[in-house]
Amino acid sequence: MEQKIENKNENKNSPIARRKFLRVLGTAVAGGSILAISGGLISRAKGSEVSHYWQIDPQKCTQCGRCETECVLQVSAVKCIHANKVCGYCDLCGGYYRSNVKELNTAAENLMCPTGAIQRKFVEDPYFEYSIDESLCNGCGKCVKGCSSFGNGSLYLQIKRDLCKDCNECAIATACPSNAITRVSLDKPYKLKDE
Amino acid sequence: MKNKIVLMCLFLLQLGQGVAQNRFPKPDFESGYKYPEIHYAVSHEDLLVIVDIFLLVLLMGIVSWAVIKKRTRKPIIWVSVISVAYFGFFRHGCVCSIGSIQNIALALVDSTYVLPLSVLLFFILPVLFAFLFGRVFCAGVCPFGALQELVHIKSYKLPRTLSIILGMIPWIYLIFALLYAITRTSFIICHFDPFVGFFRLGGDIGMILFGAVLLILALFVGRPFCRFMCPYGALLSLFSSVSIWKIRLTDKSCINCELCHNACPVDAIRPPYTNKVNESRERGVKRLLNYFVLLPLMILCGAFLMRLVSNELSRSNKDVRLYEMVMQHETNPGEVLSVELEAFYGQGGVINELAEKAEKVQSDYNFYATIAGILIGLVIGITLIELSVKRTRKLYEIDHAACVGCARCFSYCPQYKIGNESGNTSL
Amino acid sequence: MNKLILRNIAIISALFIVTFSTMLITNYFQVRGTTPLQTEVVETLKQLNDENNGNPALQEQIRQLDLLARKAYFVRIDHLMVGVYILLGMLAVFLVSARLYFVRDKNIPLKAIDQMDEWIIKSKARKYVGWIASGIAAIALIFVVLSSPYLTTTEAAPKTEEGATAAILPETENEPEQINPTDSSAIETAEADSSKLPADSVSKQIPVSKITHNAFRGNNSNGITSAKGVPVKWDLGGGTHIAWKHDIPRSGFNSPVINGNKVFISGADEKARELYCYDLTTGEQLWTLAAVNIPGSPFKMPETTEDTGLAASTVATNGKQVCAIFASGDLICADMEGKKLWAKNLGMPDNHYGYASSLLSFGNLLIVQYDNQNSPKVIALDMATGAERWSKSRKEKVTWSSPIIAYVNNKPQLVLMGNPAITAYNPNNGEQLWRVECLSGEVGSSACSSNGVVYGASEYATLVAINATDGTVLWEANDYLPEVSSPVATKDFVYLATSYGTVASYDSKTGKLGKVHDFSGSQFYSSPIIAEGKIFLFSNDGKMHVFSADAEFKLLQSFETGENTFATPAFTDNKIVVRTEKSIYCVTAN
């Protein structure tokens, strides 16, 4: 702003010498302000990491379903992640089956996931392993809701680092009702449940 | 070790009051089942950031050399292509210099805000180059400018009056972007980014359509976004107008042929002017003085008005909005809880704390909106003062604040051809 | 020649781009508009399938449709992406050809494009800038005037929208019940179903509801709860819908309070005064804390009447601490695990029936209405430490009423009934906001509020509606008045129950008496609570009455529970906790 005023002043009177002086003054002020800003901030920036990653805090997440719709990407960068070490390997999985399922088979009418991204594999009686096909998952969080309501909460939503565009301001974070999305430091790129 | 951590995690989960997790015990597998090893992919962001900054400096260096030293346009086109391809389509335009204004502003007022070094560099390097060589960043390094540059096929001039008036928008936009960033409301520059959806091949349909309209405009009008919207361009123009090395129209003597003026897509070349107006000098001076008197009044008026609307503006803040929703709910508790309220009550939110937070935001708004009002008044006042000054020019001159260094004018200059054989170098 | 080709390429590609992008945009909206794979048809079919158990043909149809929907969705997305790439390619073709076409134009000198005098341009621009600036200022002013609080008559618009979105949510969900998915009732029904399945051993643990009932008559002591899936019928004798039932060690007329998975209640007799905590799910008594070793505590308990007792005051919690007060003036506070944090005696209250005002939690503040003969006052204490935050002496006679928090214009007001006035304070600092003298006699019931209006009523006095913004009386009525029970209000109606068996409704705008139910022979000491648009009210003989909280004010249910009930029940999602004369029990929806 200051420089602008000076520029205006310089236009006001025509003497060349005066104009030159003001120009030098403006240059000095501009150079000074660059130095001041960079000097003031570089000491702060130096200590911090190069970049920060957006991550969901699974403990805060309420599975409102906005991750699916608010992401700037066509298909959200938020995917369901499965923490096998927390999972109970149940036959009746609250994340896999709809809430009042009658038969425990893989028929379409029984399944929770709208895209069919959860896969189920028999391990041994009575345990089943569940895994997520990331290419199909759209981050709607329906299974997460089911799992955290009936099960161990081993399914949870997380932002995939390789898909996330790392927007300056995460569009989901601004829409998140529980403020669950924050930046984490570079050396811990994922907020996981099983680590 | 890992088991211990898992156990710890489970323990913590159990502790987490209100979250009934871990209902089922960990299964004891008899078939020798092993937990699958899952590796979560991480992009090589740190490496890319270094490439970003290296490329930023390199491209700005090339443009500076082309514009100041070599006086040719060809490299700038290639820089534009590289910028659109790399910063645009490959890096999807985030974090960009334009948006970095907000991070810097927030970091300046809030000492707890973590400012990545790359963001600081993306902000300060183009400013530094603008201070040294003019707006070389805008010329073709900025993917937005480069995109519009590449799209521009034929130049039609907008009426000068219109471009003067539209030219005030970036300043006002900048002021509001700062206000919203400082109060931690939202980064509006990032939210209303017309081209990022284009680079990402998807996104908010409204912004993509807006970007498409801008691009269609850019076919025939030079850089509509840079001139009439870009807040960072406004900031750079401050520095470029006092830059150390300046772009010259011609090395030789100007013959006042007008070709450069007609060629300039951003209307940055001022024709010679001799005062033909039949007006006494006193009247002109008096008018100017009037505007100088009016300036403080405008500042006061702006401050007053912005202060009045500050409470309304603060409603775009998340905390204030949540507070209002909670208050609505407390007044009429029977209603169904919305997603936000459910999250608030579910996390055991304390209304008093929320009220404190919301009031803090509101008082911040009161303060910063007043300052924003002062600045808006200042912008309007200074524009008026600038418009009431008569300046005599003998030759065509570059307005360095508006010049984006596209280097079109060089090849149009008849004097240029004397020294350079290549007539049709530029597209 | 070359030029002509270039021009034609440019024109053709431009036409292609325009048509193609319109197609893409329509395609985009089609993809965006449908929730990916949950088409309505499939959803309704799934519901049908749920209702009539296992119809193979129907299931086959669902599977086919589901497959189709999936295919369509992914094909569409693929098409969209391919389309975008084609569009980009054509854009590049257009740009290159157009640039090449125009490249030769550049050396033609264009004379006199802008021959206008610069000064004229500037003068014009100056004028326009002035106009625009004043225009913006005017718009800002109009905006300010329109949004000023004096003009906002109904701010309900954004809220109904909120409500609407919240109401829409469950429909998009695939639960067959009408329940919001976050609601634990959905979870419970599902668990009930699953427990029938032999396949798995589902534990009976249920996620803890987020709905709290932190004080007498709920949060803010306002008689309204947002609990969902509340049971409307139960039978104590037969045990249907009863989760658990326990005898309470010591008696009291105070009401239960719920926070998270914990239920709090107090009891007292000549020997001891105690605070109890129960597990909401199992009913297990988790801990007991006795009010002992309190400096200043009277050696001998005060005289109280039969129907007041030593523990008439309901406890209050804020989710971190829980506090209880007894007729001896002993005030104890514990954390949620039963660890005693602090205790003090507020001075023996001089009260001829016995001290009966309930505690109220407001964030970290504990509000104590201490209207007794010698020094009537209201005190706010820090719940964590017991430190006094503020205290105001009151010009009232002894009362048995309890404090409430009313939200008025987004600001909390602490409203206290007394004899002779209803008074509002700022709960944060005790500053008096307004005071209306309108009561007399023995004031036992508490106020309630809705939409910025405070309603207070007392037997032998009046029912008064006060505009809580400025403390002006809107209307008064005295057809039916409560003695012990407190009124409850919605936006449109005020409901109250008398101690001679009448339940009446009043229009909240005019005070006109609406529909009246007469239960002669019954008495109402317990207060009505509104949950899910229904009024729940116990009569002293233990009969539960459920009314609709609307203009019709219908009696929906009326049934014997089997035990005399004087306390007001506590509500959370799917559950009601009731204290009867001797015991405490929990009703669940399933």
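**Chain C, then its partners**

Modeller: In chain C, 53% of the contacts with a separation of 6 or more join residues 24 or more positions apart. Contact here means heavy atoms within 4.5 Å. This is a predicted model: local features need pLDDT of at least 70 and side-chain atom pairs count only at pLDDT 80 or more, while totals for chains, interfaces and linings use all residues, and side-chain values use heavy atoms, with hydrogens and water left out. Residues are numbered from 1 along each chain as its sequence is written, with chains lettered from A and ligands numbered from 1 in the order in which they are written.

Secondary structure comes next. Chain C holds six helices and 33 strands. Both are DSSP runs numbered from the N terminus (helices: H or I, at least four residues; strands: E, at least two). Of the 590 residues in chain C, 54% are buried. Buried is under 20% relative accessible area, exposed is over 50%, and partly exposed lies in between (1.4 Å probe, protein chains only).

Chain C splits into four parts: domain 1 (2-107), domain 2 (121-152), domain 3 (160-196) and domain 4 (219-588). The bounds come from an automatic or database domain assignment. Taken over C-alpha atoms, the centres of domain 1 of chain C and domain 4 of chain C are 61 Å apart.

Now chain B. It has 21 helices and two strands. Its radius of gyration is 28 Å, whereas a compact globule of 427 residues would have one near 22 Å. That radius is taken over C-alpha atoms, and the globule rule is 2.2 Å times the number of residues to the power 0.38. The C-alpha trace of chain B spans about 90 × 55 × 35 Å along its principal axes. Buried residues are 59% of the 427 in chain B. For contacts with a separation of 6 or more in chain B, 80% join residues 24 or more positions apart.

Chain B has two domains, domain 1 (45-251) and domain 2 (281-387). Their C-alpha centres lie 27 Å apart. Across the join, 13 residues of domain 1 of chain B are in contact with 15 residues of domain 2 of chain B.

Last, chain A. It carries five helices and six strands, in the order α-α-β-α-β-β-β-α-β-α-β along the sequence. Of its 195 residues, 63% are buried. Contacts in chain A with a separation of 6 or more fall to residues 24 or more positions apart in 68% of cases. Chain A exposes about 7300 Å², of which carbon and sulfur atoms supply 56%. Its domains are domain 1 (2-47) and domain 2 (52-185), with C-alpha centres 53 Å apart.

One helix in chain A deserves a line. Helix H4 (residues 142-150) of chain A has nine of nine residues buried, so it is largely enclosed by the rest of the structure. Buried residues in H4(A) include Lys142(A), Lys145(A), Cys147(A) and Phe150(A).

Technical notes
Areas by Shrake-Rupley, 256 points an atom, 1.4 Å probe, with all protein chains shown as cover.
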